[in-house]
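Have the structure open while you read.

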Amino acid sequence: MASDDLSHDRKQEQLDAYRVDPAGTRLTTDQGVLVDHTDDYLTVGERGPTLLEDFHAREKITRFDHERIPERVVHARGAGAYGFFQAYDTSLAEFTCARFLTDPALRTPVFVRFSTVAGSRGSADTVRDVRGFATKFYTEQGNYDLVANNMPVFFIQDGIKFPDFVHAVKPEPHNEIPQAQSAHDTFWDFVSLQPESLHMVMWLMSDRALPRSYRMMQGFGVHTFRLVNADGRGTFVKFHWKPALGTHSLLWEECQQLAGADPDFNRRDLWEAIESGQYPEWELGVQLVPESDEFAFDFDLLDATKIIPEEQVPVRPVGRLVLDRNPQNFFAETEQVAFHTANIVPGIDFTNDPLLQARNFSYLDTQLIRLGGPNFAQIPVNRPVTPVTNNNRDGYHQTQIPAGRTAYTKNSLGGGCPAIAGDFPEVFKHYQEKVEGHKIRRRAASFQDFYSQATLFWNSMSEVEREHIVDAFRFELGKCADTGVRERVVERLNAVDHGLARLVAQGIGVTPPEQEVTPNHGRSSPALSQLLAPTDSIATRKVAALVADGVDAVGLGRVADALRERGAVVELIGPVDGAVADADGGQVPVDRGINTVASGFFDAVLVPCGPDVVRALSGDGRVARFVNEAFRHGKAIAAFGGGVDVLGAAGLRGVRVAATDETSVVAEHGVVTTAAAAGDLGDDFGAAFASEIALHRAWDRPKLP
Ligand code: HDE
């Protein structure tokens with residue numbers, strides 16, 4: 001079989017056969033008839049009635065009328081990309097016979113689709129929501145789909161509740177309000193009556209629900225799956241994706257701004273990173289639990305509302321995922337891709353997690369209606385790179401021509417083909433599990449602890465992460481009109497942590513609970529905090545350099561070079577698009593006018609020197625707002641020479657900046673300043689700015705009034 005680079009290209013080669021390039025072609029009908037006029041209907045006389053016989057117009061309009069397919073019932077809005085997965089070594093072979101996980105010579109092609117959950121296809125990216133992270137591995141043993149989320153647990157324990165949960169979070173049925181929001185009565189009503197949702201609700205109220213980028217979020221398979229080795233021995237497994245750029249979030253205020261300024265913020269970010277060759281990367285890791293330890297935990301491994309703390313079972317690195325190619329057509333590829341938790345390959349199997357089992361039904365079922373029939377696996381993006389040979393036949397959109405007269409097994413008239421694979425080494429063998437029991441509809445007692453991991457999550461947060469969680473609860477519950485719902489949620493939170501419940505209550509006009517119901521167990525899992533694992537890289541981080549006529553191009557160039565050398569993206573933002581004059585009268589092209597951007601687009605701001613610049617920037621309310629917002633959002637801000645004055649004009653307070661004669665670098669709370677400019681600007685200025693950007697945000701910065 002093909003290996004290394006070849007197998008990575010194998011999917012692309014397959015797709016090439018379906019790609020249609022309009023370059024050099026002429027317009028035809030669907031029947032291939034050339035068309036010379038497509039702007040006017042066929043009519044009787046220039047101003048007369050239109051004719052039904054105009055087959056070209058009819059076809060054009062009909063095709064347009066039928067362009068839409070149903071959007072996904074959840075995860076409707078998404079963005080996808082191709083890439084590859086490669087295992088680091090053979091060490092997992094002891095546990096699984098899945099070759100893509102154990103053969104480092106294989107580069108397995110993948111398609112990944114990221115998504116939000118609640119919003120419609122056209123909703124904004126930066127809403128408070130879970131993010132989907134679904135990967136289709138086109139392995140040499142068939143397609144494997146790891147349909148993951150960016151949070152490691154789920155709202156419910158049993159799939160039968162999924163329609164209830166989704167109906168509660170989606171827009172309310174009487175008025176279809178609100179779009180892509182959990183901040184409304186029905187969602188919180190559901191939460192208050194289903195305490196098993198609380199752990200996931202803590203994640204949803206945390207910064208995890210506001211990823212800075214799809215490229216900067218973790219992924220989790222959520223369920224406990226099973227790895228199966230060549231001898232048929234099973235091992236429980238949880239799958240983890242870890243982003244190479246670190247896990248980072250936006251702030252809620254930025255999200256709201258971005259939802260208007262660029263509703264495609266995350267989608268665009270992924271697209272642009274790949275187009276510019278900055279390929280996003282993740283590491284796949286696994287937590288392995290021997291079957292003998294099935295009952296060694298104080299929760300049930302089959303309960304999808306629980307994590308296995310990483311301190312208890314470390315995450316073991318397996319391989320790397322790289323996304324290096326954008327799709328060519330959103331509909332054909334990203335919209336038509338069909339994931340299914342039951343798409344597994346030899347070496348991977350299910351457990352009896354009742355949420356997973358329900359998914360194994362739902363995904364195939366939903367594709368049948370969404371993609372219009374049973375042949376959706378023939379759609380190019382969905383095709384495996386391995387041969388598909390069976391007696392499944394007919395149905396809507398059959399595109400193959402199965403030859404021969406036999407469509408049944410066993411046959412003698414077709415030479416017995418396709419033949420049963422028998423003991424062929426690649427054959428899928430179901431994991432053998434002995435099962436016994438009564439037919440009942442009842443949740444296990446081991447699923448009944450709803451609070452301790454919600455508490456674990458709360459205990460593991462840093463102070464600033466906790467502040468964000470409290471603010472999120474206050475915002476969301478503040479949008480609930482029903483006081484009974486607000487009170488019930490506070491009651492539930494009181495079982496998570498008394499202090500949390502009181503803080504939330506105080507922000508939403510509910511009487512804070514007097515009594516602690518369950519004492520906080522005090523345990524934490526440091527790996528859950530995003531802030532404890534900062535990266536030192538500024539790769540792909542976006543820096544806005546605010547420029548105007550008279551800019552010190554020499555100084556600006558030095559800082560920009562220092563940042564670009566470290567992988568950051570520096571954009572020059574002018575008063576309008578076009579160019580500005582530099583201090584010597586030369587032209588400096590700008591990347592964008594300030595009227596087309598928002599501070600939320602950037603991770604950091606640079607204010608350069610130049611007397612006219614300072615005058616122009618200080619007098620521009622848009623600049624003041626831009627810098628002020630960046631400051632409030634904790635972003636790294638740098639200014640040199642006279643540019644330091646712009647910070648004061650933008651209302652920045654409480655952080656020391658360089659005095660007018662102070663040419664050394666002053667860095668305080670993520671604000672980096674110096675009076676030096678042009679040729680006097682040293683390398684240490686750019687380096688200091690880069691270090692602050694790498695911290696993502698200066699969380700200890702004084703708050704502006
Ligand atoms: Fe999904 N989910 N889900 N889900 N899910 C769908 O499948 C469902 C769950 C996830 O980019 C649907 O093709 C049920 C957990 C992702 O195309 C649907 C239950 C996790 C995506 C469906 C769950 C997910 C979906 C809608 C509870 C994280 C987007 C359209 C039993 C591990 C895939 C579709 C893409 C999509 C059902 C719970 C992740 C209806 C019944 C837990 C990333 O089949």
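What follows goes from the overall fold to a few local spots.

First, the ground rules. This is a predicted model, so to speak of local features we need pLDDT of at least 70, side-chain atom pairs count only at pLDDT 80 or more, and totals for chains, interfaces and linings use all residues. Residue numbers start from 1 along each chain as its sequence is written.

**Overall**

The protein has 19 helices and 19 strands; both are DSSP runs numbered from the N terminus, helices being H or I with at least four residues and strands E with at least two. Its radius of gyration is 29 Å, close to the 27 Å that the globule rule gives for 705 residues, so the protein is as compact as a globular protein of that length. That radius is taken over C-alpha atoms, and the rule is 2.2 Å times the number of residues to the power 0.38. Along the principal axes, the C-alpha trace spans about 95 × 80 × 55 Å.

Of the 705 residues, 44% are buried. Buried means 20 or more other C-beta atoms within 10 Å of a residue's own, exposed means 12 or fewer, and partly exposed is in between, with C-beta atoms placed from the backbone. Among contacts with a separation of 6 or more, 73% are between residues 24 or more positions apart. Two residues are in contact if their C-beta atoms, placed from the backbone, lie within 7 Å.

**Helices**

How do α6 and α11 pack? Helix α6 (residues 198-205) meets helix α11 (residues 452-460) at an angle of about 25 degrees, with the axes 7 Å apart. That makes α6 roughly parallel to α11. Angles under 35 degrees count as roughly parallel, over 145 as roughly antiparallel, 65 to 115 as roughly perpendicular and the rest as oblique. The axes are lines fitted to C-alpha atoms over the stretch in contact, and angles run from 0 to 180 degrees between N-to-C directions. On the α6 side the contact uses L198, H199, M202 and W203, and on the α11 side Q453, A454, F457 and W458.

In helix α4 (residues 162-169), F165, A168 and V169 are buried. They cover an arc of only 90 degrees around the axis, which puts them on the same side of α4; the arc is that of the directions from the helix axis to the C-beta atoms. The buried residues of α4 pack against α5 (185-193).

**Two buried spots**

A501 lies in helix α14 (residues 498-507) and counts as buried, with 23 C-beta neighbours inside 10 Å. Beyond its neighbours within four places in sequence, A501 touches V490, L493, N494 and P513.

G610 sits in the loop between β16 (604-607) and α16 (611-618), and is buried with 27 other C-beta atoms within 10 Å. Its C-alpha is 4.9 Å from that of V551, 59 residues away along the chain. Leaving aside neighbours within four places, the contacts of G610 include V551, D552 and G642.

Most residues other than glycine have a negative phi, and most peptide bonds are trans. Here are some exceptions.

| Site | Feature | Angle |
|---|---|---|
| I177 to P178 | cis peptide bond | omega near -5 degrees |
| C417 to P418 | cis peptide bond | omega about -5 degrees |
| A678 | positive phi, not a glycine | about 45 degrees |
| H696 | positive phi, not a glycine | near 75 degrees |

P178 is in the loop between α4 and α5.
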